[in-house]
Amino acid sequence: MATDSDLVSAVLAGDRGAYAHLVGRYERAVHAAALRVLRNHHTAQDAAQEAFLAGFRHLGSLRDGATFGAWILRIAQREAVRAARRGPRMSTVDSSSDVPAPQCDGHLDESQQLLLERVSDLPEQERVVLMLRYFGSHSVQEIARMTGRPLGTVTKQLSRAVARLRGWLGDVEP
């Protein structure tokens with residue numbers, strides 16, 4: 001599996017298909033970042049698409065391709081804030097998304113909303129590996145390859161992120 005840095009280089013060299021791999025790798029994490037702000041799956045999906053378009057347009061400004069994950073998550077956050085400013089904030093979510101499971105009435109419950117908020121409070125590198133692992137369903141080995149980090153580093157960052165969340169939230173699992 002190619003690293004993020006390899007894929008960014010390929011996109012910059014003209015391989016648009018490489019960007020599709022990056023989108024596939026980060027789409028769930030980007031959607032989750034937008035959902036945290038917007039609390040509406042459809043609006044969050046729109047913001048995620050805008051984030052990927054903006055990322056593609058500005059990819060040349062990314063200094064280090066290995067940081068693509070954190071970079072695209074920051075863009076998603078900004079796009080979600082813009083979307084929230086454009087229209088009324090929606091608090092309902094449909095049940096068709098994989099991130100996170102809403103209550104039967106379609107709303108995020110208080111603990112789910114708190115978890116999303118706390119994930120966004122994590123240090124950037126921990127947030128990226130946690131979102132890839134739990135929102136993107138990638139293995140630790142895949143995350144290490146994707147980010148170009150050693151397996152031990154990814155494992156440690158993931159452990160620290162989970163420990164921080166447990167400390168903040170009690171025994172709630174991400």
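Hi everyone, thanks for coming. Please keep in mind throughout that we are looking at a predicted model.

Let's start with helix H8, which covers residues 151–169. After H8 comes Gly170, with a positive phi near 90°.

The buried residues of H6 are Glu126, Arg127, Val128, Val129, Leu130, Met131, Leu132 and Phe135. The buried residues of H6 pack against H2, H4, H5, H7 and H8. H6 is followed by Ser137, whose phi is positive, near 60°.

On to the aromatic rings. The count comes to 4 aromatic pairs. Take Tyr19 and Phe68: the ring centres are 6.1 Å apart and the planes stand at 90°, so this pair is edge-to-face. Tyr19 belongs to helix H2 (residues 16–38) and Phe68 to helix H4 (residues 68–86), so the pair ties together parts that are 49 residues apart in sequence. Are these two residues buried or exposed? Both Tyr19 and Phe68 are buried. Stepping back, ring pairs link Tyr19, Tyr26, Phe56, Phe68 and Trp71 into a cluster.

Where is Leu62 found? Leu62 sits in the loop between helix H3 (41–57) and H4. Its relative accessible area is 11%, and because buried means under 20%, Leu62 counts as buried. Leaving out residues up to four places away in sequence, Leu62 touches Val8, Thr67, Phe68 and Trp71. Val8 is 54 residues from Leu62 along the chain, and their C-alpha atoms are separated by 8.9 Å.

Rings also meet charges here. The charged end of Arg118 sits over the ring of Trp168, 5.0 Å from its centre. Likewise, the charged end of Arg133 sits over the ring of Tyr134, 5.9 Å from the ring centre.

That brings me to salt bridges. Side chains of opposite charge can pair when their charged atoms come close. How many salt bridges does a search of the whole structure find? The search finds 6. Let me walk you through some of them.

Arg25 forms a salt bridge with Asp4, with the closest N and O atoms 2.6 Å apart. This pair links distant parts of the chain, with Arg25 in helix H2 and Asp4 in helix H1 (residues 4–12), 21 residues apart. Arg25 counts as buried at 9% relative accessibility, and Asp4 counts as buried at 0%.

Next, Glu117 and Arg39 meet through their side chains in a salt bridge of 3.7 Å, N to O. Here too distant parts are linked: Glu117 is in helix H5 and Arg39 in the loop between H2 and H3, 78 residues apart. Glu117 is partly exposed, with a relative accessible area of 26%, and Arg39 is partly exposed at 26%.

Finally, Glu124 and Arg74 form a salt bridge at 2.7 Å, N to O. Glu124 lies in helix H6 and Arg74 in helix H4, 50 residues apart, so to speak a link between distant parts of the chain. Glu124 counts as partly exposed at 31% relative accessibility, and Arg74 counts as partly exposed at 33%.

Technical notes: Residues are numbered from 1 along each chain as its sequence is written. This is a predicted model: local features need pLDDT of at least 70, side-chain atom pairs count only at pLDDT 80 or more; totals for chains, interfaces and linings use all residues. Side-chain values use heavy atoms; hydrogens and water are left out. Helices (H or I, at least four residues) and strands (E, at least two) are DSSP runs, numbered from the N terminus. The expected span of a helix is 1.5 Å times one less than its number of residues. Rings of Phe, Tyr and Trp (its six-membered ring) pair if their centres lie within 6.5 Å; planes under 30 degrees apart count as stacked, over 60 as edge-to-face and the rest as tilted. Buried means under 20% relative accessible area, exposed over 50%, partly exposed in between (1.4 Å probe, protein chains only). A charge sits over a ring if NZ of Lys or CZ of Arg is within 6 Å of the ring centre and within 35 degrees of the ring normal. Contact means heavy atoms within 4.5 Å. A salt bridge is a side-chain nitrogen of Lys or Arg within 4 Å of a carboxyl oxygen of Asp or Glu.
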